[in-house]
Amino acid sequence: MSSNGKEDGLRIGVFVCDCGLNIAGTVDTADVTEFAQTLDDVVCAVRNKYTCADPGQNEIKHAIKEHRLNRVVVASCTPLQHEPTFRACVAEAGLNPYLMEMANLREHCSWVHPNDWTGATAKAKDLVASAVARARFLQPQEELTVPVTQRALVIGGGIAGMEAALELGAQGHQVTLVEREASIGGIMAQLDKTYPTMDCSI
Ligand code: SF4
């Protein structure tokens, strides 16, 4: 480990996704891939047409073994969509799944700069450089399973609290609802009538 907290012997692989034309129609992904290759600690940079598809994932697994990668950066879409996919992918190649970082070149770049090829490409390079910088500091993580008590405490007996308590109860959990006032109902209970039925609120 260096004095700045960065691990020694880093070998980072960067995989830049076209997503068909979703990214490659707006971002010069070939240029971004070439740029990634110049970054410190990056030992291979690969451009894929669809990184999440089997051929793309196989390329990642192959590169991890061939280049002895100890960090992977996937520059593609939102982690919301494919972080689990790529974590599983690197794990299958023997790498701890938490040594994978993503750069979002689609939702954060190509989709929001559709008419700016030069600007979007420059931003994509910044996003990749940032993800590589983050990847340098990733540490392996172990997942734990811990038992939890299947009971809930809901604080506040207004509409939101009552609804939450009812939903949790319907899911089979034991619920304790706490309200500081003498009755539940919150603001709703203070209303004379409710729109559109004009019923009494209580
Ligand atoms: S990894 Fe994401 S950006 Fe790439 S092809 Fe799949 S969905 Fe599209």
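## Around the ligand

In this predicted model, the residues of the shell around the ligand sort into five nonpolar, five polar and one charged. Where to look for them? The ligand is surrounded by Cys17, Cys19, Asn22, Tyr50, Thr51, Cys52, Ser76, Cys77, Gln81, His82 and Arg106.

## Two domains

Now step back to the whole chain. The protein chain is divided into domain 1, covering 12-135, and domain 2, covering 151-190. Between the C-alpha centres of domain 1 and domain 2 there is a distance of 45 Å.

## The largest nonpolar core

The largest nonpolar core holds 39 residues, and those touching the most other members are Val14, Val72, Val73, Ala75, Val90, Val128 and Ala131. Several elements give two or more residues to this core: strand 1 (12-17), strand 2 (42-48), strand 3 (71-76) and strand 4 (100-104), together with helix 2 (29-37), helix 3 (54-66), helix 4 (79-92) and helix 6 (117-135). Helix 6 gives the most, with seven residues.

Start with Ala75, which sits in strand 3. Is Ala75 buried or exposed? Ala75 is buried, because 31 other C-beta atoms lie within 10 Å. Leaving out residues up to four places away in sequence, Ala75 touches Val14, Phe15, Val16, Cys17, Val32, Ala103, Leu105, Leu127, Val128 and Ala131. Ala75 and Asp18 are 57 residues apart along the chain, while their C-alpha atoms are separated by 9.2 Å.

Next comes Met100, in strand 4. With 25 other C-beta atoms within 10 Å, Met100 is buried as well. From Met100 to Phe86 is 14 residues in sequence and 7.4 Å in space, C-alpha to C-alpha. Val90, in turn, touches Ile60, Ile64, Val72, Leu95, Pro97, Leu99 and Met100, again setting aside residues up to four places away in sequence.

## One face of helix 2

Most residues other than glycine have a negative phi, and most peptide bonds are trans. A few spots here are worth a look with that in mind.

Asp41 is not a glycine, yet has a positive phi of about 75 degrees. You will find Asp41 in the loop between helix 2 and strand 2. Asp41 counts as partly exposed because it has 16 C-beta neighbours inside 10 Å. Arg68, also a residue other than glycine, has a positive phi near 50 degrees, and its place is the loop between helix 3 and strand 3. Arg68 counts as exposed, with 11 C-beta neighbours inside 10 Å.

The last stop is a cis peptide bond, which runs from Tyr195 to Pro196 and has an omega near 5 degrees. Pro196 belongs to the segment after strand 6 (174-178).

Terms used. Residues numbered from 1 in each chain as written. Predicted model: local features only at pLDDT ≥ 70, side-chain atom pairs only at ≥ 80, totals over all residues. Near = placed C-beta within 6 Å. Nonpolar A, V, L, I, M, F, W, Y, C, P; charged D, E, K, R; others polar. Domains from an automatic or database assignment. Core = buried A, V, L, I, M, F, W, Y, C linked by C-beta atoms within 7 Å. Buried ≥ 20, exposed ≤ 12 C-beta atoms within 10 Å, placed from the backbone. Helix = DSSP H or I, 4+ residues; strand = E, 2+ residues; numbered from the N terminus. Contact = placed C-beta atoms within 7 Å.
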